[in-house]
Amino acid sequence: MAGSPASVAGATSVGPSAVRLDPRVVPRLLNWFAKARRPLPWRARREAYPIWIAEVLLQQTRVAQAVPYYRRFLDRFPTVEALAAADLDAVLKAWEGAGYYARARHLHAAARAIVADRGGRLPRTRDAWRTLPGVGDYIAAAVASLAYGEPVLALEANGLRVGARLAAETAPIDRARTRRRLGEALEARMPADAAGAFNEALMELGETICLPRKPRCGECPLPPFCRARATLADPGALPTRSPRPPKPAVRAAVVAVQWRDRLLVRRRPMSGLLGGLWELPGGKIEADELPRAAARRELREETGLRVGRLVPRGTIRHEYSHFRVTLYAFTTSVGGARPPAVRGGRWATRAAIDRLALPKATRRLLSRLPERPSARRGGARPGSRSRPGHRASSTPAGARATGRRARAADGPASAGRRRARR
């Protein structure tokens, strides 16, 4: 180790609330990036629309996973006008599998606002981008700097990690004052005539070299300026985070109800977790409740449908951002010349369901089900009413972790959240 932290080149603490970075960091970083930058598809043309789509997608999706989703989305909606003209079902279907579906809903709403209010012209400044639905500080700064060269700092998890190690910042990175302190230090060194390259270089370094765990310090272009490397046995120990509570575990029951060649599906509310996606009826198993009983109750409460025999079809475990769920799957069949009337649902063939946007857990469940459930036709008894005052579920089957409903964040990721990208 080299000397005391205050004597190490690269970052000097100035009191408890300020950090200064060595100005030599900037040319070294930009020279490295000019040689090491990867040929990612959104870098092929410096246009705001593809950059916007990529930045939104990369909020919670690793680069290797994001590339096929990016290409599929741009093939389907090559312009902001095409995205604005599409219906939300088509947008959600194109986004299917990428997760955090609020991102797709916000993209769609923002595209419509751009076409309706701006004649299809995308904003050129950070402040103008911030006026659009679902566009936060990071996305606004990233598009404005990368597409138009506006001298604004776009700081996300990778850049924060690089800054924290350069400065040997020990305060938790998820605290607003820590992020603000590091942001000010980086912004002070950002070249006004190369803000986009500076922002991308920070992201690239964090994504490829300054990794969350086991950073590849031997390949880093900034070793003389990194206080973490100079003062710590393991630079990967930084940045720190505040302790997080363990994810709660939830049990849920879902029912695949079949009438002839159709299954009963329901659409989730537009707001909240997995908003606008389609799923099988079901929900949380209450304390001291058996999965089969929960399946009957949830089906009755959500759709008004009473059924006969339920056949168990095994379990599926799935993990969301804030909780884990074990899904107990059941099948049943109903008879009649016409499909039973249901509340808040529709009967659809497997082919029609395949064209809908579905949560991953629902698609996994469907892949396990036979084309025609083997349960005896239980004789649907539609028209039952839910308990007085009971509201239909707004959470995916099994995703109700607090009281009768659990909530998981589905909005745009903040700059401090863990973000794997570039």
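Is helix 5 (residues 88-95) mostly covered or mostly exposed, and how many of its 8 residues are buried? In this predicted model, local features need pLDDT of at least 70 and side-chain atom pairs count only at pLDDT 80 or more, whereas totals for chains, interfaces and linings use all residues. Residues are numbered from 1 along each chain as its sequence is written, and side-chain values use heavy atoms, with hydrogens and water left out.

Helix 5 is mostly covered, with 6 of its 8 residues buried (under 20% relative accessible area, 1.4 Å probe, protein chains only); helices here are DSSP runs of H or I with at least four residues, and strands are runs of E with at least two, numbered from the N terminus. The buried residues are Leu88, Ala90, Val91, Leu92, Ala94 and Trp95, and they pack against helix 2 (48-57), helix 3 (63-76), helix 4 (80-85), helix 6 (102-118) and strand 4 (262-267), contact being heavy atoms within 4.5 Å. At the start of helix 5, a side-chain oxygen of Asp87 lies within 3.2 Å of the backbone nitrogen of Asp89, while just after the helix Gly97 adopts a positive phi of about 100 degrees.

Methods. Buried means under 20% relative accessible area, exposed over 50%, partly exposed in between (1.4 Å probe, protein chains only). A polar contact is a pair of N or O atoms within 3.5 Å; within protein, one must be able to donate a hydrogen and the other to accept it, and residues adjacent in sequence count only if both atoms are side-chain atoms.
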